[in-house]
Amino acid sequence: MTFSSDAIVLKITKTGESDRLLTLLTRDRGIIKAFAKAADRPKNKLHMSTNLFCYGRFTFYEGVKSTKVEECDLNETFYGLQSDIGKLALGQYFNELMTEAAPVETDATEYLRLLLNSLFFLANDRIHPRILKSLFEMRLASLIGYMPSLVGCKECGEYETETMFFNVSTGELFCNACKGTGTKQLSLDTVSAMRHIVFSDFEKLFSLSVTENTANALEPVTEKYLLNILKRSFRTLDFYKSINN
Ligand SMILES: [Zn+2]
């Protein structure tokens, strides 16, 4: 049985003599694994279209034991990511997060849209990578059902005070008067940036613009928040950090 879907290659494992085992994020069926037979051979028709970040219209053959890529009508390669190790590392972190968090056997349009746009903005230098990382992490957390409660103070409902406090374990926001233990102090600019990431329409999501100070304050918050939810670490994140420190 064959089926087609828009899809992007998240991960490649070389297998056999010249095969590739791909992990893909598909629009129609979420995360799938599929073999690209002989794709490692330069003359194979799948050689150029089954590389990391390759996005296009894929046709799959679903066998009893495994799924194979039949063909791919390539749309975008995000080539700009290959020439910069920092961007490449961040893109691979996004891919690994998607592999972990995106659904299986169901529509994944929202996930694909977040990933494709993030890779586009990353590849084209449209937004600082550090801000993009925070944006991706917190928007993904919201997508998988863990939208933090940022409307106002959890206790008294106050929309904003001069500084506010956030609990990265629970995703709850507190005002200056109600802050409990285990919360982290945030500037109003940082809270505003988080609200933008969580509440803005997708069309406006990537227009987020913050100062370097705010980006620095935001980074550990969004990262800890998401990793707390996923309850694991990511090899690609460790690598990203190793080249950015
Ligand atoms: Zn309060």
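User: Hi! Which way does helix 1 cross helix 7, left-handed or right-handed?
Analyst: Hello! In this predicted model, the crossing of helix 1 past helix 7 is left-handed.

User: Nice. At what angle do helix 1 and helix 7 pack, and how far apart are their axes?
Analyst: The angle is about 160°, and the axes lie 8 Å apart. Helix 1 covers residues 85-101, while helix 7 covers residues 235-244.

User: And why is helix 1 called roughly antiparallel to helix 7?
Analyst: Helix 1 is roughly antiparallel to helix 7 because their angle is about 160°, and angles over 145 degrees count that way.

User: Which residues meet there?
Analyst: From helix 1 you have Ile85, Gly86, Ala89, Leu90, Gln92, Tyr93 and Glu96. Helix 7 answers with Thr236, Leu237, Phe239, Tyr240, Ile243 and Asn244.

User: How does that contact split by class?
Analyst: The contact of helix 1 with helix 7 has eight nonpolar, four polar and one charged residues.

User: Switching topic: what domains does the chain have?
Analyst: The domain assignment gives domain 1 (2-77) and domain 2 (84-244). Their C-alpha centres are 30 Å apart.

User: How many residues does each domain put into the contact?
Analyst: Domain 1 gives 14 residues and domain 2 gives 17 residues.

User: On the domain 1 side, which elements give two or more residues?
Analyst: Those are strand 1 (2-15), strand 2 (19-26) and strand 3 (30-36). Strand 1 has the largest share of that side, with four residues.

User: Last one: what classes are found on the side of domain 1 that touches domain 2?
Analyst: That side has six nonpolar, three polar and five charged residues.

Note on methods:
Residues are numbered from 1 along each chain as its sequence is written. This is a predicted model: local features need pLDDT of at least 70, side-chain atom pairs count only at pLDDT 80 or more; totals for chains, interfaces and linings use all residues. Domain bounds come from an automatic or database domain assignment. Two residues are in contact if their C-beta atoms, placed from the backbone, lie within 7 Å. Ala, Val, Leu, Ile, Met, Phe, Trp, Tyr, Cys and Pro count as nonpolar, Asp, Glu, Lys and Arg as charged, and the others, Gly among them, as polar. Axes are lines fitted to C-alpha atoms, for helices over the stretch in contact, and angles run from 0 to 180 degrees between N-to-C directions. Angles under 35 degrees count as roughly parallel, over 145 as roughly antiparallel, 65 to 115 as roughly perpendicular and the rest as oblique. A crossing is left-handed if the near helix is turned anticlockwise from the far one by less than a right angle, and right-handed if clockwise.
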